[in-house]
Amino acid sequence: MRWIVTCALLLVAACGSDAKPKTPVCHGPKDCKDGTVCVENKCVQCGADADCPNGQHCDLPTNACVAKPECTQDKDCPGGKVCQANHCTACASDSECGTGGACVAGGCTKAKACTKDDECADDEDCVGGFCHKGGMHGSATSDTGCTLQTVYFGFDQAAIDQSERERLDANSACIEKSKQRSVFVVGHTDTSGTEEYNIALSERRAQAVADYLARLGTDPARLQVVPKGETEPTGLGDDKDRRVEFQWH
């Protein structure tokens, strides 16, 4: 008999105030305390940059105030430096400087727009609307003259930073200009982890890029993910090794 009473009491407790159905945390700003704001019925640290202290911005996926990145676009960087993984860094190759651009002493010079060869220097040709120097086309340059730009990642990260999205947007447009060709999406890492871990990380990076391009409209069947891990270092430092490159095939 005693155990029946105990069970009955437990059932009553389960049906009491502690077993209320889930309800929204907040309905407006007055429902949140300690400096939080109401976003989608949840009290969070921020919903916009204005909710954060100076020097920080609102990271919308997490609704948390975080330090502002050094840059989000190449134009945010001085001296022709490029914005990679939200940090200003010296360029290492022409492919980091956009279609027709050139890397000179660590700084990018942008290509001159053109409509015909006569508008370019004597050692340049007008290809894809930009002046190109002879012999500068590599495996990442299409027949239409556009270049698939390398994208970079933070340490041990496979998430695509804001600074790399503009490059991927341009890459998507470039791929669409050569519909008959497919692309190798080649992932790389630095040497910090084990070989097995780095292969897996490079695959996650390449797959994240392929997924991003697919969301922009690129046919996934044209994108082949190739994980290289730490096997092909650039020799230019870890920051340049944490990358995804592109090759036509």
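Q: What does arginine 243 form a salt bridge with?
A: Glutamate 245. This is a predicted model, and in it the closest N and O atoms of the two residues are 3.2 Å apart.

Q: Is arginine 243 buried or exposed?
A: Arginine 243 is buried, with a relative accessible area of 4%.

Q: And how about glutamate 245, buried or partly exposed?
A: Partly exposed, because glutamate 245 has a relative accessible area of 23%. The cut-off for buried is under 20%.

Q: How many salt bridges does the count come to?
A: The count comes to 11. In general, side chains of opposite charge can pair when their charged atoms come close.

Q: Which residues are linked in a network of salt bridges?
A: The network links Asp190, Asp238, Asp239 and Arg242.

Q: What about glutamate 96, which residue does it form a salt bridge with?
A: Lysine 240. The closest N and O atoms there are 3.1 Å apart.

Q: Where do glutamate 96 and lysine 240 lie?
A: Glutamate 96 is in the loop between strand 6 (87–89) and strand 7 (102–104), while lysine 240 is in helix 4 (residues 238–241). The pair therefore ties together parts that are 144 residues apart in sequence.

Q: Are those two buried or exposed?
A: Glutamate 96 and lysine 240 are both buried.

Q: Switching to glutamine 84. Where is it placed?
A: Glutamine 84 belongs to strand 5 (residues 82–84).

Q: Why does glutamine 84 count as buried?
A: Because its relative accessibility is 6%, and buried means under 20%.

Q: What joins the side chains of glutamine 84 and glutamate 96?
A: A polar contact of 2.9 Å. Glutamine 84 also has a side-chain polar contact with lysine 240, again 2.9 Å.

Q: Which residues is glutamine 84 in contact with, leaving aside neighbours within four places in sequence?
A: Thr89, Glu96, Tyr152, Ser163, Glu164, Arg167 and Lys240.

Q: Arginine 167 is on that list. Which residue does it form a salt bridge with?
A: Glutamate 164, with the closest N and O atoms 3.4 Å apart. Glutamate 164 is also in contact with glutamine 84.

Q: How many residues apart are arginine 167 and glutamate 164 in helix 2?
A: They are 3 residues apart in helix 2 (residues 162–177), so about one helical turn separates them.

Q: Now the whole chain. How many helices and strands?
A: The protein chain has 4 helices and 14 strands.

Q: What share of the residues is buried?
A: Buried residues make up 35% of the 249 in the protein chain.

Q: What about contacts with a separation of 6 or more?
A: Residues 24 or more positions apart account for 52% of those contacts.

How values were computed:
Residues are numbered from 1 along each chain as its sequence is written. This is a predicted model: local features need pLDDT of at least 70, side-chain atom pairs count only at pLDDT 80 or more; totals for chains, interfaces and linings use all residues. Side-chain values use heavy atoms; hydrogens and water are left out. Helices (H or I, at least four residues) and strands (E, at least two) are DSSP runs, numbered from the N terminus. Buried means under 20% relative accessible area, exposed over 50%, partly exposed in between (1.4 Å probe, protein chains only). A polar contact is a pair of N or O atoms within 3.5 Å; within protein, one must be able to donate a hydrogen and the other to accept it, and residues adjacent in sequence count only if both atoms are side-chain atoms. Contact means heavy atoms within 4.5 Å. A salt bridge is a side-chain nitrogen of Lys or Arg within 4 Å of a carboxyl oxygen of Asp or Glu.
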